[in-house]
Amino acid sequence: MAKRFFRLALPCAAASVFAYALAGYDCHQAAAAATGSLWLERLDAKRPQLAGLARQVVWGTWFGANTLNNAMWTMELELAGSFLVFVLLAVLQGSGDSAPPTR
């Protein structure tokens, strides 16, 4: 399970660091003006302190508190779902109801 976590965590950490590097430059305001996007116009893209970045990478991505990258909202569900698959596999294999091995 740890292997699966790190396979999810490393790309998420990279995306959060990239978002951290872009935060605070107000590039979204120019994009909002060009596209007419109200969502971009209202986006609050403040750069947190470095400790805030670390907190978002370690905790916020996995428990719904990532403010740097809104697309990370799925990570909590993806991590829980992948762990659920491992638990179900362990339960089904332990109960003797698993399918016979294939060649």
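Is Phe 6 buried, exposed or partly exposed? Phe 6 is partly exposed, with a relative accessible area of 49%; in this note, buried means under 20% relative accessible area, exposed over 50% and partly exposed in between, with a 1.4 Å probe and protein chains only.

1. Basis of the note. The model is a predicted one, in which local features need pLDDT of at least 70 and side-chain atom pairs count only at pLDDT 80 or more, while totals for chains, interfaces and linings use all residues. Residues are numbered from 1 along each chain as its sequence is written, and side-chain values use heavy atoms, with hydrogens and water left out.

2. Overall fold. The protein chain holds five helices and zero strands, in the pattern α-α-α-α-α along the sequence. Helices (H or I, at least four residues) and strands (E, at least two) are DSSP runs, numbered from the N terminus. Of the 103 residues, 23% count as buried. Among contacts between residues at least 6 apart in sequence, 55% join residues at least 24 apart; contact means heavy atoms within 4.5 Å.

3. Nonpolar cores. A nonpolar core is a set of buried Ala, Val, Leu, Ile, Met, Phe, Trp, Tyr and Cys residues joined through side-chain atoms within 4.5 Å. The largest one has seven residues, namely Leu 8, Ala 9, Cys 12, Trp 62, Met 72, Met 75 and Leu 79. Helix H1 (2–22) and helix H5 (75–95) are the elements that give two or more residues to this core, and H1 provides the largest share, three residues. Another core, of five residues, lies apart from it and includes Ala 19, Ala 23, Leu 53 and Leu 68.

4. Aromatic pairs. Rings of Phe, Tyr and Trp (its six-membered ring) pair if their centres lie within 6.5 Å; planes under 30 degrees apart count as stacked, over 60 as edge-to-face and the rest as tilted. The whole structure has three such pairs. Phe 5 counts as partly exposed because its relative accessibility is 23%. Ring pairs join Phe 5, Phe 6 and Trp 62 into a cluster.

5. Ser 82 lies in helix H5 and counts as buried because its relative accessibility is 9%. Leaving aside residues up to four places away in sequence, Ser 82 touches Arg 4 and Leu 8. Ser 82 and Phe 5 are 77 residues apart along the chain, and their C-alpha atoms are separated by 8.9 Å.

6. Surface. The accessible surface of the protein chain comes to about 7600 Å², of which 67% belongs to carbon and sulfur atoms. Accessible areas come from the Shrake-Rupley method with a 1.4 Å probe, and for residues only the protein chains shown count as cover. Val 58, Trp 59 and Phe 63 make a nonpolar surface patch of about 360 Å². Trp 59 is placed in helix H4 (residues 50–60) and is exposed, at 52% relative accessible area.

7. An exposed loop residue. Gln 49 sits in the loop between helix H3 (38–42) and H4, and counts as exposed at 64% relative accessibility. Gln 49 and Tyr 20 are 29 residues apart in sequence and 9.5 Å apart in space, C-alpha to C-alpha.

Notes
Patches are made of residues with over 30% relative accessible area and no salt bridge: like charges are joined within 9 Å, nonpolar side chains (Val, Leu, Ile, Met, Phe, Trp, Tyr) within 5 Å. A salt bridge is a side-chain nitrogen of Lys or Arg within 4 Å of a carboxyl oxygen of Asp or Glu.
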